[in-house]
Amino acid sequence: MMSKEELVGVPIILKFLTRLGAQEGSNLYGPTPLAACQVDQWIETSSQLVSGQQFEALCGRLSDYLSLRSYFVGYGVTAADVAIWGQLQACPLWKKVRQSPAAAHLARWFDHMSSLPACAVAVEDLCPTKKREAAAAADTAAGKGGGDVGSFDVGLPDAQMGKVVTRFPPEPSGYLHIGHAKAALLNQHFANIYQGRLLVRFDDTNPTKEKDEYVENIIKDMQTLGLQYKTITYTSDYFPQMLDLGERLIKAGVLYADDTPVDQMREERMHGIESKRRGRSPEETLAMFKEMQAGSEEGLKNCLRFKLDMQAGNKALRDPVAFRCNLTHHWRTGHTYKVYPTYDFACPFVDALEGVTHALRTSEYKDREAQYYWILEQQQKVWPGLPKVHIWDYSRLNFVYTVLSKRKLTWFVQTNRVDGWDDPRMPTVQGIFRRGLQVEALREFILSQGASKNVTYQEWDKIWTINKKLIDPVCPRHTAVAAAGKVLLTLEGAPASPESSTIAKHKKNAAVGSKTLLKLGRVWLDQADGQEVQEGEEVTLMDWGNAIIKADGQEVPEGRQVTLMNWGNAIIKSVSKGPDGQVTGLTGTLNLAGDFKKTRLKLTWLADVSELVPLTLTDFDYLITKKKVEEDDDFEQLVNPTTKFESAALGDVNMAALKKGDLLQLERKGYFICDVPYGGSADKPAVLFSIPDGRTK
């Protein structure tokens, strides 16, 4: 330094260098003053990451913090990430601690950081490859292995910090499903890792399948997923350029017009038979292309095909179609065009034109990569300046008992097997969120898999377990009694008129708020609980006290006591049953001095008041009966005939205030999301959808 002053210690030196870089345009301090303060805090924390008794515990806390985050501050790498990564890289104990499940998210983040070019260079300078390989070999010999957390250490080819551009290109032919969500979040994640950009482009080249409705809802879903993009483009924006490009490729002898019937063309491609039109001259093809654009009778019989390789073992290279006619009204351009580029033609051109550096695609398109590169190469020859695009493939997301084909999902909607694309039985983004999945849970699930290329079938239980972990600490608790066969318990020693008190909605989280509890000498119980109760048994009314159910003069044996939740204990005097064995009524005595620890049953209950809220509790089953649906399966034969189950119930008076989308837990019944708020009358009940908790039923 010019002043000859000294800075001592890694944290203070790092802060100085980061501030110095900020003056030269670096964003390692984050975009805001608040972010800069947070970065400083994490830099201080990083100095505590040294071998010792507290190291593993601190790693656990850092891992918990990263469970829903890609970076320590904001959406990109900051000096906070550099400081913590550097400390872990230098700490010998980290190699052991990272194997712990408690450090899973920290290990995932560490692998992300290690894959960045700047970090990789630092590691190589300080610890050359040969030395690391020797250490890795020693670890293997010692039997050390990695965990099951996904990694993003994939080494995108030619990726440069700040210059990576990814794209999410949905086709507006349906709603986004969970597989599309994975594609969107992975593209966003790689853009963030390399401090690049995410582009969003609608692939609207097939007017037969596309609708405004789909575009609007895809945009809505992208906002829900939290995608960060500046503008939305459309492949249709580039139709004029692609028509021009088509003419250039015709003149170059790369495209030819073909009027071979579709079925015959498909058969010829299957057997490697060249079309009789393959030898058409550029002049004849160019004239026919004009007829196609005009939508003439002769033009409509033709398509344009690439003159590639009809003998290729990879059938995707056997003269694929580049343009085809379609007179259907286009949702955006109307009837301006009669001919449209195929996805195979449009995708590489528009990717390159928009500056996409890395096109991420699922591995099901692996056979089409050679086609993509060949077509782009031909386009580059006639359209100077088109840059290179790298393809990187990852595994498609598959779930058990689920189909993710848009064609099959459309079938469910059109045949009224479901109530729409946002039906909670559907694997669409809107469907799973309507069922109660939180976007943070989806993001954690996707990122926990990393960018693996291994094709697997995921269990839904895993994602719902993550979801439960997120919602349980903040879900208000409520009480409901099933309407069918509900049992009235008449209590001696209880209030003759409703008595009100205030209790917490969540006993472990006061921030959730409070609710009203009504106590009365007449309370409703579930029929199932009524069946469990025995005469002479003491029960506990939760959050009230004990009650005793006994015949006259009968003593209550220890262990024959029941708790009514939110009240206390009661002793049951009599149990009345009908001829069908259903319990029709109970009488008992309130016993607030009873010991709830000694009762066998802890019961939920509701005071018999007119303000109870009518509910419809809804549960769902899978749409498909087969765990893993194969390509050659007739999925219509695998459709589950009954997938929706509704039951009536009564809810506590506080549930009248539930709003659509509110999450809650019904004591002893599970988690729910409010789909339809209470309408104020018995014929307008609140509709609650059950939220799976990850436990297999």
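The exercises below work through cysteines, salt bridges, a helix and a sheet in this structure.

The model is predicted, so local features need pLDDT of at least 70 and side-chain atom pairs count only at pLDDT 80 or more, while totals for chains, interfaces and linings use all residues. Residues are numbered from 1 along each chain as its sequence is written, and side-chain values use heavy atoms, with hydrogens and water left out.

**Exercise 1. For the salt bridges Asp-111 to Arg-98, Asp-263 to Arg-266 and Arg-435 to Asp-619, find where the partners lie.**

Step 1. A salt bridge requires a side-chain nitrogen of Lys or Arg within 4 Å of a carboxyl oxygen of Asp or Glu, and by this rule the count comes to 38.

Step 2. The side chains of Asp-111 and Arg-98 meet with N to O at 3.1 Å. Because Asp-111 lies in helix H6 and Arg-98 in the loop between H5 and H6, this pair ties together parts that are 13 residues apart in sequence; helices (H or I, at least four residues) and strands (E, at least two) are DSSP runs, numbered from the N terminus. Asp-111 is buried at 16%, whereas Arg-98 is partly exposed at 23%.

Step 3. In the pair Asp-263 and Arg-266, the closest N and O atoms are 3.0 Å apart. Both residues lie in helix H12 (residues 262-271), three residues apart, about one turn of the helix, and both are exposed.

Step 4. Arg-435 and Asp-619 have their closest N and O atoms 3.5 Å apart. Arg-435 lies in the loop between helix H17 (429-434) and helix H18 (439-448), and Asp-619 in strand E25 (residues 613-620), so the two tie together parts that are 184 residues apart in sequence. Arg-435 is buried at 10%, while Asp-619 is partly exposed at 24%.

**Exercise 2. Identify the buried residues of helix H3 and name helices that cover them.**

Step 1. Within H3 (residues 55-65), the buried residues are Phe-55, Leu-58, Cys-59, Gly-60, Leu-62 and Ser-63.

Step 2. Their cover includes helices H2 (33-46), H4 (79-90), H5 (94-97) and H6 (104-115).

**Exercise 3. Describe the order and edges of the seven-stranded sheet.**

Step 1. Two strands pair if DSSP finds at least two bridges between them. The sheet is open, with mixed pairing, and its order is E12-E27-E28-E29-E25-E26-E13.

Step 2. Its edge strands are E12 (477-478) and E13 (480-482), each of which pairs on one side only.

Step 3. Strands E28 (residues 670-676) and E29 (residues 686-691) run antiparallel and are joined by five bridges; Tyr-671 has Ile-691 in E29 as its bridge partner.

Definitions and conventions. Buried means under 20% relative accessible area, exposed over 50%, partly exposed in between (1.4 Å probe, protein chains only). Contact means heavy atoms within 4.5 Å.
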